[in-house]
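Dear colleague,

Please find below the structure that I am handing over to you. My notes on the strand arrangement and on the aromatic contacts follow it.

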Amino acid sequence: MIPRVDVVHGETRVDHYFWLRNRDDPEVLAYLEAENRHTHEVMRHTEDLQEQLYQEMRGRIQETDLSVPERVDQYWYYSRTEAGVQYPIFCRRQDRPDALEEILLDPNRLAAGQSYFRVGALEVSPDHRLLAYLVDTSGSEEFTLSIKDLATGELFPERVTGVSPRVAWANDSQTIFYSVL
């Protein structure tokens with residue numbers, strides 16, 4: 001344990017676990033693996049109960065579902081879940097009877113092959129042409145900002161890493177605000 005001392009606004013804070021942030025340190029990895037082994041051993045006698053609780057909770061979840069659509073200008077925005085996949089799919093439809101569903105973002109495809117995956121913000125530009133979204137694939141709470149052209153489905157080549165999980169578009173639909181951690 002290597003305590004880190006920070007003094008902010010005259011207040012002293014000691015973080016005894018700051019050293020755990022160094023994910024490349026073999027000592028950190030060994031410590032975490034040892035903690036995981038210990039937890040597994042201590043909880044081994046509850047494995048049947050854990051499985052029973054998991055199955056009970058899973059049985060109460062409606063896996064195929066649709067969120068309440070939100071109308072923004074000429075579009076209805078919503079998310080839907082499907083049985084057998086982990087993440088909701090973000091969609092929209094134009095406000096016309098014959099409108100087809102557009103999938104804005106399918107996190108299930110983005111998460112393929114990742115050991116950890118989380119979507120942060122998901123924001124459509126005011127002109128409804130661009131989608132800004134944030135993804136964390138490490139669990140560090142540091143997100144990568146990507147922008148997608150909704151007309152073509154193409155991603156802009158630029159990415160911004162180390163971003164907090166919120167973004168906002170300016171009214172010009174060309175400017176995006178974000179915070180770098």
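In this model, Val135 stands opposite Thr144 in β10. The model is a predicted one: local features need pLDDT of at least 70, side-chain atom pairs count only at pLDDT 80 or more, and totals for chains, interfaces and linings use all residues. Residues are numbered from 1 along each chain as its sequence is written, and side-chain values use heavy atoms, with hydrogens and water left out.

**The sheet around β10**

Strands and helices are DSSP runs numbered from the N terminus (strands: E, at least two residues; helices: H or I, at least four), and two strands pair if DSSP finds at least two bridges between them. Strand β9 (residues 130–136) runs antiparallel to β10 and is joined to it by 6 bridges. Within this pairing, Tyr133 has Ser146 as its bridge partner in β10. The hairpin of β9 and β10 has 6 residues between the strands, and Gly139 there takes a positive phi near 85°.

On to the next pairing: β10 is joined by 2 bridges to strand β11 (residues 160–169), again antiparallel. Here Phe143 stands opposite Val163 in β11.

These strands belong to an open sheet of 5 strands in the order β8-β9-β10-β11-β12, with antiparallel pairing. Its edge strands, β8 (118–124) and β12 (176–180), each pair on one side only. Strand β10 (residues 143–149) is largely enclosed by the rest of the structure, because 6 of its 7 residues are buried (under 20% relative accessible area, with a 1.4 Å probe and protein chains only).

**Aromatic contacts**

Rings of Phe, Tyr and Trp (its six-membered ring) pair if their centres lie within 6.5 Å; planes under 30 degrees apart count as stacked, over 60 as edge-to-face and the rest as tilted. By this rule there are 3 aromatic pairs. One of them is the tilted pair of Tyr75 and Tyr77, with 5.9 Å centre to centre and 50° between the planes. Tyr75 counts as buried at 7% relative accessibility, and Tyr77 is buried at 12%.

Tyr87 and Phe117 form an edge-to-face pair, at 5.3 Å centre to centre and 70° between the planes. This pair links distant parts of the chain, 30 residues apart: Tyr87 lies in the loop between β5 (75–81) and β6 (89–94), and Phe117 in the loop between α3 (107–111) and β8. Both Tyr87 and Phe117 are buried.

**Charges over rings**

A charge sits over a ring if NZ of Lys or CZ of Arg is within 6 Å of the ring centre and within 35 degrees of the ring normal. The charged end of Arg92 sits over the ring of Tyr75, 4.0 Å from its centre. Arg4 lies over the face of Phe18, at 4.1 Å from the ring centre.

Yours sincerely

Notes. Buried means under 20% relative accessible area, exposed over 50%, partly exposed in between (1.4 Å probe, protein chains only).
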